[in-house]
Amino acid sequence: MRVAAFQRFPVFDDPARVGESVLRDLTWADRNDVDLALFPESYFQGHSYNRPLIERRAASLDSPPVRELLNSLTGVRATAILGLFERRGDMIFNSAMVIQSGRFAGIYAKAFPIEDGCSPGTQYPVWNQGKWKFGINICNDMNYPEAAQQLTRQGANLICAPINNMLRPKKAEMFRLRSVDSLQASARWTGCWVVTADVAGQGNDGWFSYGCTVVIRPDGTIANRTRELVEDVAVFDLPVPSVELPG
């Protein structure tokens, strides 16, 4: 299975522009025989820790911006994982949609959110992609072993992690290496492949991200990684799993 992790500059409050970018990237993915494409955390509306901003940005899955996005992707073959702030009634979640040919194929809500006003998710769905079974952990979830364990107990051998390391400069420097070390440790103790997609470059109010978009083998070694501070994509052909998953 060929995976592609897209590292992108952050976009704020412009879902239509993000939709155009995602369609362009997934069209490229189809031309390059990509099976599974991953985008950063909350990429659809732009990430924030600020409650009023999050409340304003959050969208339900049947909202016009989400419907327009799905409609634009009906001709796409690659499965896509796209992060967004999701509204469900009176609750808001930091979620990631799984999209297949313009069809909503499921969602994961961040179990350990640190964004003000976001509720924790309680479900850990997994999806089959060919001979692979993947689940999702979002950013801070990777610091909690129980989140990954919920996936491995269901037979997942691939963890997809949308992340957003847009931070104050001092913290960005601190997590420049720490994030990679943590992800490598997670791959080793779970025995799973780990793929992340991060934002990079300049954000608002002096915040920025180096970008931590990587493909990590189960032994913790890095199979591929994007360049820092630029838009880039990490592509890798995952080997056929030793045990074929049930359908």
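Predicted model: local features only at pLDDT ≥ 70, side-chain atom pairs only at ≥ 80, totals over all residues.
1. Residues are numbered from 1 along each chain as its sequence is written, and side-chain values use heavy atoms, with hydrogens and water left out.

2. Start with the sheet. Six strands make an open, mixed sheet, ordered β5-β4-β3-β2-β1-β14. Strands (E, at least two residues) and helices (H or I, at least four) are DSSP runs numbered from the N terminus, and two strands pair if DSSP finds at least two bridges between them. Because β5 (103–109) and β14 (232–237) each have a single partner strand, they stand at the edges, with one side of each left without a neighbour in the sheet. On average, neighbouring strands here are turned by 30° against each other, direction ignored.

3. Strand β1 (residues 2–7) runs antiparallel to β14, and six bridges join them.

4. Helix α3 (residues 64–72) lies across β3 (79–88), β4 (91–100) and β5, at about 15° to β4. Contact means heavy atoms within 4.5 Å; axes are lines fitted to C-alpha atoms, for helices over the stretch in contact, and angles run from 0 to 180 degrees between N-to-C directions.

5. Of its 20 lining residues, Cys-139, Asn-143, Asn-165, Phe-175 and Ser-179 are the closest to its centre. A pocket is an open set of points on a 1 Å grid over the protein atoms alone, with protein on both sides within 12 Å along at least five of seven lines; a cavity is a set where a 1.4 Å probe fits but cannot get out; lining residues have an atom within 4 Å of a point. Grid points are joined across faces, edges and corners, and a volume is the space filled by probe spheres set on the points.

6. The second largest pocket holds about 260 Å³ of space. His-47, Ser-48, Tyr-49, Asn-204 and Trp-207 are the closest to its centre, out of 13 lining residues.

7. The largest cavity has a volume of about 70 Å³, and its lining includes Asn-165, Phe-175, Asp-198 and Cys-212. Helix α5 (residues 169–190) gives the largest share of that lining, three residues.
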